[in-house]
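Visitor: I'd like to learn how to read this model feature by feature. Could you show me the structure and walk me through it?

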Amino acid sequence: MDKTDKIHQELKELLLSQNLAVLSTHRDGQPYASLVAFVAAVDLKHLFFVTPKTTRKFANLSADCRVAMLINSSQNQVADFHQALSATVTGRAEEVSGDEKEKYLPFYLARHPYLQDFAKSPTCAFVRVTAQSYYLVKNFQNVMELHISK
Amino acid sequence: MNWTIPAIEVSDKDRKRIGGKGFALASMSRQGFNIPDTLCVTSNLYNAYVTRTGLRERILLELHRKDFKEMRWEEIWDCATRIRNMFLRMPIPAEIEAGFREAIESQFRGKSVVVRSSAPDEDTAASSFAGLHESYLNIRGTDAILEHVRKVWASLWSDAALLYRQELGLDVEKSSMAVVIQEIIIGDRSGVAFSENPNDSSQGVIESVYGLNQGLVDGAVEPDRWIMDRRKRKIITHTPAKREYWMIPFENGVQLSALPDKMSTEPPLNSKEAYTVFDLAMKAEDFFKNPQDVEWTFREKTLFVLQSRPITTTLSKKSEDNRSWYLSLHRSFENLKSLRKKIEEELIPGMIADANQLAEIDLTILSDHDLAAEIKKRWEINHKWVNIYWEEFIPFAHGVRLFGQVYNDVMRPEDPYEFVDLLTRTEMASLGRNQMLEDLANIIRNDPGLKKQIETRDHSKIDQNFIRKVEEFIEKFGDLTCAVTGGTQCDRDNEPLFNILLEMAAHPRIAASSRKSTTADVLQEKFLNCFEGDRKQQAVEMLDLARTSYQLRDDDNIYLGRIESHLLAALVEARQRVEYRKAGKVAAPRTEELVDMLADLDHRSKELNPYEKKPGQAYEIKPRQLIGQPAGPGISKGKARVIQQHSDLSNFKHGEVLVCDAVDPNMTFVVPLAVAVVERRGGMLIHGAIIAREYGLPCVTGIPDATALIQTGDDITVDGYLGIVTIAHNAPRKDR
């Protein structure tokens, strides 16, 4: 495996290993962070999460679809500083519904089966983030960028 | 929690936390072997210390800066130096120190001791750390003992120990260290005994010296040697040593001294004593149920066991070889002193003589056949010196490291590389060249008319006085077009030199004070004041050796460059002949001989970007923040100038960041124009770091693939405090 494949692989393993991500949205220039249960596509092009439509994060991303998400493998231990990987992804969020939702929601629920009732509630939105760039941090301060081709 | 256990109270369940060495001694003590009064310091204490002070994670962060396999040995040495300094500067927290102090005082009040490592990984049958961790002899007073326990702990992270553990696949996250504190036995004869000769299982071996064992173990004192018959318990041979030195206690420590004459004629052991020592080794073997390597000492007529461990030389040859190689990375002061003599009196004059001899040959009058032979000869001479460079000059650089360790031990500076400031006042050849360049630039700076003349690039219009000065420079240092100093035939072009001079002249002169450490005198005085008497003299000698060693890091390249330039000159001559004849300008004599010779020597590799986008790949990878080693403090931002080949240097602009694979002295004429230096090769004492430090520039070394990942024109920020290079990609990316 060459260095490029290795980075892609590390990123994929990180995304597939984690259940939660920090989602960043903003409103009127005020950033806002929240926690979401997510799932990522294996090609890293999309990430999905579910949120009630009454939330502040949904209002924010409806007003401006530009979002960032943070996924990391830290375990709240001192060793995180040298061991944990962290990735920031920037992209655009949109609600998916209809056939598309039918198609992708099962993948989401396969990962988070306990959210069945939550995800299927008519008051929740199924949100897809189309990733543009990833920023992978390892060894505490080493940062590599991975830009998804258009 | 029990931080310590006196040897006599040790039980089987303590084995893991007191380490192999401590456990062997304790077991022998219970069995009636005569061992010195011993206190085992458990690995619990080490673990409490590194956890409570935060050192554990600091060490792991340091070791995980980058992939261990991508670190050069020099970088590993740098890591080890920084870690050692953490231990030196971090006291044991009061709440755990109190009990430890009490245990030491109740057992050793008023006595001098030996502080030895006893890592749980050590001395198992599968691996031997013998010699990789440190021991300290003749330590007196509780404060000094506490300090040396920390030094032994730090040796868990020495470069050699790190490499060896990596090789054995041991997990650094789980490494810990127990320590043994023993009353020192001031033996008058000491040695080692192998109950079984690793080369012949029917024999045993005894080695013995006068004085303390340290002299033998370090290799500083040659021992008398007895080969014993294991079955008959008889002496087979005795090989006397040339008895010249012994290791004896001196102040707080030990010292190598000349052996008194009357001892030098007598072997340290008579045959009866040799039998007694061998019996001891055999008893140890019976007790441990495998062949033993026993360190022992006689105090008058009483024989003591200092330590006993399984013989490990019967291990696979490979791993033993590597361990000794790791150990050989460290050279003793004595060894370095003799190396210096050889370098100064023999090797450097030899290089200069070879270079001068080559300079006398007029290549243009040689026949093709003779020119091919001359190239071969020059290639061999160059090759010879390159080998000497690796075998003698590189190891001599340890003079700097040795001094660094002594300096850090006594001064405990916040910056573990403060000692370099004491060395930088050494006049280096490349600095002399840069000064001469700066003087030429200054003439242009003060003479707008001359500047205009040079800008025309028409030599006939340039002031002849100035041309003469430029020629003087070229005669001494070459025209800068050559990748080696003294080379003028690479392009035979003054253009790059004029480019650099104009660029320098367009900006203010670099003040001498901004690039020289003014604190060196103060540091030197402070350092030397830590010693008295003979020790002071030794410190002065060590500093002097370190300065020579530091200077040679620069000068050897310059001298080697001169030899290489003669090889290049012959190659250029051959290439010109081949080209000329190919163009059909003369009736062609055969040039195959030259063509083959050139093909043999022509090798050029281009660095490839390992992250280059491949066909069909749905994403692209770019570096943002690269981690290397902090090698020169400061922070600077500028456009990158990536040096792929030597000629890239002549385009260097004021305010750019020098990015290269490996800086050598033949490249550093652009450093006065640079705002920072980034180098692929890692280490604090490599040339790029040394020259950056001279000019007070931020420097980061050890960035893997630096010249492939960074492109000329990228805006980069060099953080020389943290060893981080941040890249903003605004240069148009070229397809490579």
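Guide: We'll go from chain B as a whole to one helix, then to cores, strands and interfaces.

Guide: First, the ground rules: this is a predicted model, where local features need pLDDT of at least 70, side-chain atom pairs count only at pLDDT 80 or more, and totals for chains, interfaces and linings use all residues. Residues are numbered from 1 along each chain as its sequence is written, while chains are lettered from A and ligands numbered from 1 in the order in which they are written.

Visitor: How many helices and strands are there in chain B?

Guide: Helices (H or I, at least four residues) and strands (E, at least two) are DSSP runs, numbered from the N terminus. Chain B has 24 helices and 21 strands.

Visitor: And what share of the residues in chain B is buried?

Guide: A residue is buried if 20 or more other C-beta atoms lie within 10 Å of its own, exposed if 12 or fewer, and partly exposed in between, with C-beta atoms placed from the backbone. By that rule, 44% of the 736 residues in chain B are buried.

Visitor: Let's zoom in. Which residues of helix H2 of chain B are buried?

Guide: Helix H2(B) covers residues 43-52, and its buried residues are Ser43(B), Leu45(B), Tyr46(B), Tyr49(B) and Val50(B). Look down the axis of H2(B): these buried residues fall within an arc of 155 degrees, so they line one face of the helix. The arc is that of the directions from the helix axis to the C-beta atoms.

Visitor: What do the buried residues of H2(B) pack against?

Guide: Packing here is about contacts: two residues are in contact if their C-beta atoms, placed from the backbone, lie within 7 Å. The partners in chain B are helix H1 (15-30), strand S2 (38-41), helix H3 (55-63), helix H5 (94-108) and helix H6 (142-154). After H2(B) comes Gly54(B), with a positive phi near 80 degrees.

Visitor: Why does Leu45(B) count as buried?

Guide: Leu45(B) counts as buried because it has 26 C-beta neighbours inside 10 Å. Setting aside neighbours within four places in sequence, Leu45(B) is in contact with Trp3(B), Ile96(B) and Phe100(B). The C-alpha atoms of Leu45(B) and Val179(B) are 9.6 Å from each other, though the two are 134 residues apart along the chain.

Visitor: How does helix H23 of chain B read by the burial rule?

Guide: H23(B), residues 687-694, is mostly covered, with eight of its eight residues buried. Gly696(B) follows H23(B) and has a positive phi near 65 degrees.

Visitor: Now the cores. How many residues has the largest nonpolar core?

Guide: In soluble globular proteins, nonpolar side chains tend to be buried together. A nonpolar core is a set of buried Ala, Val, Leu, Ile, Met, Phe, Trp, Tyr and Cys residues joined through C-beta atoms within 7 Å. The largest one has 88 residues, and Val659(B), Val670(B), Val677(B) and Val678(B) have the most contacts inside it. Helix H21 (residues 533-582) of chain B gives the largest share of this core, ten residues. Another core, of 86 residues, lies apart from it and includes Val10(B) and Leu156(B).

Visitor: Which strands does S21 of chain B pair with?

Guide: Two strands pair if DSSP finds at least two bridges between them. Strand S21(B), residues 724-728, is joined to S14(B) by three bridges and runs antiparallel to it. Gln625(B) has Thr726(B) as its bridge partner there. S21(B) also pairs in the antiparallel sense with strand S20 (residues 715-719) of chain B, over five bridges. In the hairpin of S20(B) and S21(B), with four residues between the strands, Gly723(B) takes a positive phi near 75 degrees.

Visitor: How many residues of chain A are in contact with chain B?

Guide: 22 residues of chain A are in contact with 19 residues of chain B. Strand S7(A) supplies the largest share of the chain A side, seven residues. Six bridges join S7(A) to strand S14 (residues 619-627) of chain B, and the two run antiparallel. One bridge pairs Glu145(A) with Lys622(B).

Visitor: Last one: how far apart are the centres of domain 1 and domain 2 of chain B?

Guide: Domain bounds come from an automatic or database domain assignment. The centres of these two domains, taken over C-alpha atoms, are 26 Å apart. Across the boundary, 19 residues of domain 1 of chain B are in contact with 16 residues of domain 2 of chain B. H1(B) gives the most to the domain 1 side, with five residues.
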